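Hi,

Here is the structure I promised to pass on. Have a look at it first, and my notes follow below.

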Amino acid sequence: MRKGGGGGGGGWRRRWAAEPPAEDGERETPRDEGSSVSALRRLERSQWTDKIDALFGFERMKEPAERTGWLINMHPTEILDEDKRLVSAVDYYFIQEDGSRFKVALPYKPYFYIAAQKSCDREVSSFLSKKFQGKIAKLEIIPKEDLDLPNHLVGLKRSYIKLSFNTVDDLIKVRREITPAVKKNRERDQALDTYTTLLTSALTGHSLNHEEEPSKKTADQMDNIIDMREYDVPYHIRLSIDLKIHVALWYNIHHRGSSFPPEIIRRDDMVERPDPVVLAFDIETTKLPLKFPDAETDQIMMISYMIDGQVICGPGNLVMRLQKSAI
């Protein structure tokens with residue numbers, strides 16, 4: 001299912017997401033990435049999405065089974081694992097050869113990387129595991145290529161600490177606390193030039209070969225975190241990149257029950273795609289020059305949509321002619 005194509009300068013397109021109705025007196029939860037909602041509220045939202053998807057024929061696979069499907073969409077969600085804990089996952093939506101539909105949830109731990117001062121990886125890892133106990137699911141020290149190194153082309157690598165989480169919400173909370181420290185430490189390091197480092201070494205009697213020693217004894221190990229990497233990759237894109245799962249391809253899905261993650265294996269031998277029902281829509285509105293339409297002040301001029309090539313016009317008998325090939 002895709003959104004409508006291009007239109008005039010007043011085109012207003014919006015993708016509607018299924019949301020459970022808010023309780024009386026409950027303020028609507030912000031949808032930005034930094035919002036933090038309770039686990040119960042997030043679980044209710046996931047269950048509400050399942051109900052809406054079921055109305056469109058996308059029932060979640062629950063029992064052990066094997067199916068073949070053409071991937072048409074993906075969406076981040078949260079599910080309960082075997083220990084009844086809320087964990088992040090991605091819902092993959094499939095169409096089978098006979099036109100029937102289903103979806104399957106693939107749990108995957110979101111993560112990002114941080115870099116510590118030289119020879120301080122273990123100290124920083126130990127500090128973070130205690131400070132964010134219950135939020136960080138796993139800590140690993142992994143060598144990675146750093147394109148910022150002057151001689152990275154010769155294959156040199158540096159160590160990064162990989163922070164993995166059970167949910168995206170936990171990742172956001174930890175990232176929010178680490179980001180200011182990284183920014184402060186970067187500004188501090190930029191202010192220290194070679195002359196200052198040499199002068200400090202001469203006055204304190206330490207050589208440059210041991211400049212990492214004071215960092216190990218730092219009271220706050222947050223001062224030793226100097227960089228963050230891959231912290232802004234959307235969760236569902238991260239999973240698809242890591243596991244090479246892409247839309248518009250055929251896959252075999254092996255579902256082994258709720259205790260094991262499903263296996264999604266690409267079928268390179270299948271190239272013919274199914275014939276999905278395509279809905280495209282477009283909303284034309286008034287708007288101020290160089291401004292995006294505002295729902296509070298601008299008026300709707302026309303709502304037009306097309307289903308499988310059949311154009312249906314809105315008020316005033318204004319027809320937007322959309323070519324199916326352009327969708």
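Is Ala-248 buried, partly exposed or exposed? Ala-248 counts as partly exposed, at 39% relative accessibility (buried is under 20% relative accessible area, exposed over 50%, partly exposed in between, with a 1.4 Å probe and protein chains only).

Before the rest, some ground rules. This is a predicted model, where local features need pLDDT of at least 70 and side-chain atom pairs count only at pLDDT 80 or more, while totals for chains, interfaces and linings use all residues. Residues are numbered from 1 along each chain as its sequence is written, and side-chain values use heavy atoms, leaving out hydrogens and water.

Back to that loop. Ala-248 sits between helix 6 and strand 10 (helices, H or I of at least four residues, and strands, E of at least two, are DSSP runs numbered from the N terminus). Its phi is positive, near 70°, though the residue is not a glycine. Lys-244 is in the loop between helix 6 and strand 10 too; this non-glycine has a positive phi of about 55°. Lys-244 is exposed, at 60% relative accessible area.

Now the sheet: six strands make an open, mixed one in the order 2-5-4-3-10-11 (strands pair if DSSP finds at least two bridges between them). Strand 2 (59-60) and strand 11 (263-266) are the edges, each pairing on one side only. Strand 3 (residues 65-80) runs antiparallel to strand 10 (residues 250-255), over six bridges, and Trp-70 stands opposite Trp-250 in strand 10.

Cheers
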